[in-house]
Amino acid sequence: MEKGSCKVTNKVKVSNLGYPRIGKNREWKKTLEAFWAGKINEEEFRSEMTGIQLQHLKTQQEAGIDLIPVNDFTFYDHVLDTAVMFGIVPPRYAYDGGDIGLDLYFAMARGNAEATACEMTKWFNTNYHYIVPEIGAQTPRLTENKPLAAYRFAKSQAGIEGKPVVLGLYTFLKLSKGFASADIAKIAARFLPVYVQLLQELKQEGVSWVQIDEPAIVTGINESELSLLNSIYTEIAESVPGLNIILQTYFEAAEPLEALFKLPVQGLGLDFVHDGGTNLASIERLGWPEDKWLGAGIIDGRNIWRSDLDAKLQLIEKLSVHVPLDRLILQPSCSLLHVPVTVQGEVKLKATVKAALAFADEKLRELGLLAAALEGTAEAAAALTASREALTAFRALPERGRKDVAEQVFGLTDLPDQRSLPFAERLKVQQEKWQLPLLPTTTIGSFPQTVEVRQARLKWRKGVWNQERYDGFVREQIADAITFQEKLGLDVLVHGEFERTDMVEFFGEKLDGYLFTSNGWVQSYGSRCVKPPVIYADIAFIQPMTVKESVYAQSLTSLPVKGMLTGPVTILNWSFVRDDLSREAVANQIALALRHEVKALEDAGIEMIQVDEPAIREGLPLKAEDHEAYLNWAVKSFRIATNHVKATTQIHTHMCYSEFNDMIDSISAMDADVISIETSRSHGELIVSFEEQEYDKGIGLGVYDIHSPRVPAVEEMTANIDRALRVLDPEQFWINPDCGLKTRGWQETEDALRNMVKAAAIARENAGVSASK
């Protein structure tokens with residue numbers, strides 16, 4: 001775009017959709033965990049959280065954001081907040097009305113001694129988890145107007161006229177469970193008066209703009225759902241006249257846009273980063289309605305790369321043909337919840353790489369710079385030049401275009417695309433080799449990462465311990481874990497993963513093409529934060545990554561020990577990924593690297609290998625028409641990594657916290673010998689899939705929830721097993737927890753696994769009786 005071609009006299013508005021909760025140094029996480037551990041009381045907890053919230057508001061204020069979100073801050077999860085705000089509490093918590101205190105709030109999130117936690121699953125196609133509302137016969141009511149409280153707080157404490165953020169009724173119901181999909185309009189009618197009350201109170205307070213998030217729109221919407229949306233927003237418009245509402249979508253294109261134009265709202269927020277160009281094309285075809293503002297999501301809210309600001313200015317110019325700049329709002333593509341807080345503390349990175357990064361604070365500055373560039377200031381021109389030079393230097397790095405990696409990817413067409421024997425024949429030789437009992441028991445991989453383990457790793461990283469001492473410590477932990485599992489009576493063991501920080505970061509540290517931040521944390525669920533590694537260049541295998549620990553563990557026992565790897569699609573989806581290649585291309589690079597590791601394990605005598613793919617479902621595109629293409633290359637990448645092993649080598653995989661009902665065929669096509677899938681926290685609902693369609697391979701439906709500190713009774717696990725065995729053959733069923741045990745303590749781990757082994761013994765006896773009949 002030529003300088004000055006889109007110059008404006010009035011500053012374009014800049015907005016944010018949501019700010020990271022966790023704090024610059026994870027203060028939010030530490031406060032939560034201190035409260036749960038009883039180290040601080042409720043008054044101290046609330047005081048600390050208030051300070052964190054205020055700091056976030058001031059940061060955005062200092063960045064020059066015109067529309068600062070409020071009510072994006074939460075003590076755990078914004079979907080849980082919405083359910084609690086409307087009094088939606090499952091009956092098992094014995095809630096009888098009135099205020100909902102922190103004990104009940106956190107019980108819904110984490111469970112307690114009396115009741116299991118609410119289901120937790122992925123927020124659309126991200127790695128953030130939300131708590132699934134359970135809507136039954138409850139009559140919704142406004143227990144607290146949380147957006148109003150957040151607005152008042154921002155105004156009184158920071159002088160900020162905030163923009164309350166509310167999860168839209170349509171999306172809230174689409175994310176909920178407990179009612180038939182055909183009844184969504186009836187359920188909406190019950191909730192709508194409460195939404196109206198909430199918005200009326202905001203208007204009475206003097207609120208100017210409200211952001212109502214409706215991302216469920218982008219997943220695909222039919223005529224009846226459009227009618228429901230229209231009825232919701234018509235009622236709101238008639239009941240709360242004069243309140244400016246921006247209907248916010250993100251993560252994909254909002255279609256059909258012409259139908260959304262007809263909704264009685266004052267603005268639409270659209271994602272121009274992850275929409276594949278569809279939103280712009282629709283606007284160019286349809287024009288833009290004269291009565292609406294456009295919230296243009298032009299800065300990537302899900303990845304960590306500096307934006308090509310020249311390209312963003314060209315996009316703004318294209319939009320300005322149809323949308324007057326005085327009705328244009330520049331904003332991120334989605335909430336900045338999904339990126340770290342600031343690049344400021346990343347002092348260990350190469351200058352060329354660091355200059356190419358933009359976390360939340362830097363993205364806010366990019367938005368301000370774009371607004372300034374539209375005004376044509378000299379300062380903005382200089383900043384644009386600096387940004388352009390930083391990107392040019394980064395893109396020229398030689399490791400981003402390796403010929404050896406390109407040749408390996410090109411050679412994929414010459415590799416076999418399936419195992420040497422079909423599963424039915426493999427099963428026979430594997431049963432003969434392994435001689436496992438009926439309903440074999442195992443765990444998913446990790447054991448508790450105690451303070452002692454974390455401190456030892458820190459001492460090693462800081463050089464206080466040398467490699468020999470640290471390796472010795474890890475061997476001691478492995479030996480203890482093997483003994484622990486043998487005493488419990490587990491059938492297939494794991495080494496415990498004590499040498500690993502994170503299941504993706506560990507592998508990234510041992511592969512070419514990755515870099516690692518010092519403080520690039522993001523929230524995964526609750527207080528659980530992860531520091532995704534960064535794929536900035538071509539991925540390549542260097543040397544074996546897991547063989548040493550696996551071989552040592554196997555040397556300590558006659559029972560089989562699984563080698564533990566993270567699969568290519570999970571490594572991809574749980575990393576920040578370079579944005580100059582397709583995700584399929586990067587997945588293939590990772591798969592080729594893992595293929596070398598699988599072979600190294602097999603050559604070393606480890607012939608039961610688990611290649612975890614917990615994130616394969618979350619990468620599924622939000623629109624149904626795009627599912628097949630994604631699943632085809634995702635399955636292919638798994639098979640690239642695993643299909644070369646011997647018939648007797650048993651390949652396991654693991655998936656968790658996702659809806660798998662619509663992809664059972666693709667899971668089968670991965671051709672793993674055994675898959676373990678979460679089912680305990682969703683209260684066994686996945687089992688319905690196996691009532692409706694046949695699955696012919698080994699499967700473990702996790703019999704207890706490891707994300708809750710409670711220890712389920714033997715009877716509870718037995719009931720989960722019995723339900724599964726109504727539709728699954730005992731010969732194909734494995735018994736395991738639903739995920740790794742890294743976040744749990746040793747005592748609760750021991751108690752829960754002991755109960756699991758007892759439940760397995762009961763189930764074997766019952767299955768044997770059934771078989772004899």
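This passage describes the overall dimensions of a predicted protein model and then turns to one of its strands.

The protein chain contains 27 helices and 21 strands, and its C-alpha atoms occupy a box of roughly 75 × 65 × 50 Å when the principal axes are used as the directions. Of the 773 residues, 60% are buried, and among the contacts with a separation of 6 or more, 79% are formed by residues 24 or more positions apart along the protein chain.

The accessible surface of the protein chain amounts to about 29,800 Å², and carbon and sulfur atoms contribute 49% of this area. As for charge, there are 81 positive and 106 negative side chains in the protein chain, with the centres of the two sets lying 4 Å apart.

Strand S18, which spans residues 650-655, is mostly covered, since 6 of its 6 residues fall in the buried class. In a regular strand, side chains alternate between the two faces of the sheet. In S18, both faces are covered: Gln650, His652 and His654 are buried on one side, while Ile651, Thr653 and Met655 are buried on the other. Strand S17, formed by residues 608-612, pairs with S18 in the parallel sense over 3 bridges, and within this arrangement Gln610 stands opposite His652 of S18, a residue that is itself buried.

Note on methods
Residues are numbered from 1 along each chain as its sequence is written. This is a predicted model: local features need pLDDT of at least 70, side-chain atom pairs count only at pLDDT 80 or more; totals for chains, interfaces and linings use all residues. Side-chain values use heavy atoms; hydrogens and water are left out. Helices (H or I, at least four residues) and strands (E, at least two) are DSSP runs, numbered from the N terminus. Buried means under 20% relative accessible area, exposed over 50%, partly exposed in between (1.4 Å probe, protein chains only). Contact means heavy atoms within 4.5 Å. Accessible areas come from the Shrake-Rupley method with a 1.4 Å probe; for residues, only the protein chains shown count as cover. Lys and Arg count as positive and Asp and Glu as negative; His and the chain ends are not counted. The place of a charge is taken as NZ of Lys, CZ of Arg, CG of Asp or CD of Glu. Two strands pair if DSSP finds at least two bridges between them.
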